[in-house]
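Reader: I would like to learn how to read packing in a model. Can we go through one together, feature by feature?
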Amino acid sequence: MLIVCAEQAVVEADLVGGRLACPSCRGELGPWGWARERVLRCSLGDRLLRPRRARCRGCVETHVMLPELVLLCRQDEVSVIGAAIEAHVGGEGHRPIASRLGVPAGTVRGWLRRFAGGAELIRALFTRCAVALDPQLGPIVPAGCAIADALEALAVAARAWVLRFGPTPVWWIVSRLSAGGLLSGNTSALATRAL
Ligand SMILES: [Zn+2]
């Protein structure tokens, strides 16, 4: 699995041009059909995704390429999930967040629990990313609690990304930098993710 640019034409050009690297061996990826279709719940309504599949010319492993607007195993757009996390860190409970975003309360509670459970690891990962993106970066000021610290590290890493690569929605950057695993609960994958 690989998180790629949300613009399909860019992905297609990169894939055909051999500019995408295999997440397993860093070999060159080439086109390899399509993965199954899935529905993504977005803030502006449902969207049908048909992710590209790629195969590595080195290790011959195949990888599903998900656009950066998703997270692994989540049916909702990452920006919607991110809005819930931001509101929660701001002090709002999961029920009002859920009704405002039009998402079931249990789903929002699940996101927030996963984020809280992985907060220390998320903070560590995004702090590493921020420093890798901007070696001149000063210390990140503690925000006072684990989830706020994790969110602050995300924001700092996203700002460093934008300075380096240009404007991109914050939560798309988060999906990229966590390889889609922000809420996957697979903490070892998060911890070993390479920039
Ligand atoms: Zn490979």
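Reader: Let us start with one residue. In which helix is alanine 83 found?

Author: This is a predicted model. Alanine 83 sits in helix H2.

Reader: How far apart are alanine 83 and leucine 101 in sequence and in space?

Author: They are 18 residues apart in sequence. From C-alpha to C-alpha, the spacing is 8.5 Å.

Reader: Now the helices. What describes two packed helices?

Author: Two packed helices are described by the angle between their axes and by the distance between those axes. Take H2 and H4. Their axes are 10 Å apart, and the packing angle is about 70°. H2 and H4 are therefore roughly perpendicular to each other.

Reader: Is the crossing of H2 and H4 left-handed or right-handed?

Author: H2 passes H4 in a right-handed crossing.

Reader: Which residues make that contact?

Author: H2 contributes Val80, Ile81, Ala84, Ile85 and His88. H4 contributes Val108, Trp111, Leu112 and Phe115. By class, the contact of H2 with H4 has eight nonpolar residues, one polar and no charged.

Reader: At what angle do the axes of H2 and H6 cross?

Author: The angle is roughly 130°. H2 covers residues 78–89 and H6 covers residues 146–165; their axes come within 10 Å. That angle makes H2 oblique to H6. The crossing of H2 and H6 is left-handed.

Reader: Which residues of H2 and H6 make the contact?

Author: From H2 come Ile85, Glu86, His88 and Val89. From H6 come Ile147, Ala148 and Leu151. The contact of H2 with H6 divides into five nonpolar residues, one polar and one charged.

Reader: How many residues does the largest nonpolar core have?

Author: Think of a core as buried nonpolar residues joined through their side chains. The largest one here has 37 residues. Phe126, Leu154 and Leu182 have the most contacts inside it. H2, H3, H4, H5, H6 and H7 each give two or more residues to this core. H6 gives the most, with 10 residues.

Reader: What does leucine 154 touch?

Author: Set aside residues up to four places away in sequence. Leucine 154 then touches Phe115, Ile122, Phe126, Trp171, Val174 and Leu182. There is also a second, separate core of 10 residues, which includes Leu2, Cys22, Cys56 and Met65.

Reader: Where is cysteine 22, and is it buried or exposed?

Author: Cysteine 22 lies in the loop between helix H1 and strand S2. Its relative accessibility is 0%, so cysteine 22 counts as buried. Beyond its neighbours within four places in sequence, cysteine 22 is in contact with Gly27, Leu29, Cys56, Cys59 and His63. Cysteine 22 and glutamate 61 are 39 residues apart in sequence, but 8.4 Å apart in space, C-alpha to C-alpha.

Reader: Last topic, the backbone. Which value does phi of arginine 26 take?

Author: Phi of arginine 26 is near 65°, a positive value in a residue other than glycine. Arginine 26 lies in the loop between H1 and S2. At 59% relative accessibility, arginine 26 counts as exposed.

Reader: And what is phi of alanine 179?

Author: Phi of alanine 179 is near 50°, a positive value in a residue other than glycine. Alanine 179 is in the loop between H7 and helix H8. With 31% relative accessibility, alanine 179 counts as partly exposed.

How values were computed. Residues numbered from 1 in each chain as written. Predicted model: local features only at pLDDT ≥ 70, side-chain atom pairs only at ≥ 80, totals over all residues. Heavy atoms only, no water. Axes fitted to C-alpha atoms, helices over the stretch in contact; angles between N-to-C directions. Helix = DSSP H or I, 4+ residues; strand = E, 2+ residues; numbered from the N terminus. Parallel < 35°, antiparallel > 145°, perpendicular 65-115°, else oblique. Left-handed = near helix turned anticlockwise from the far one by under 90°. Contact = heavy atoms within 4.5 Å. Nonpolar A, V, L, I, M, F, W, Y, C, P; charged D, E, K, R; others polar. Core = buried A, V, L, I, M, F, W, Y, C linked by side-chain atoms within 4.5 Å. Buried < 20%, exposed > 50% of the residue type's maximum accessible area, 1.4 Å probe, protein only.
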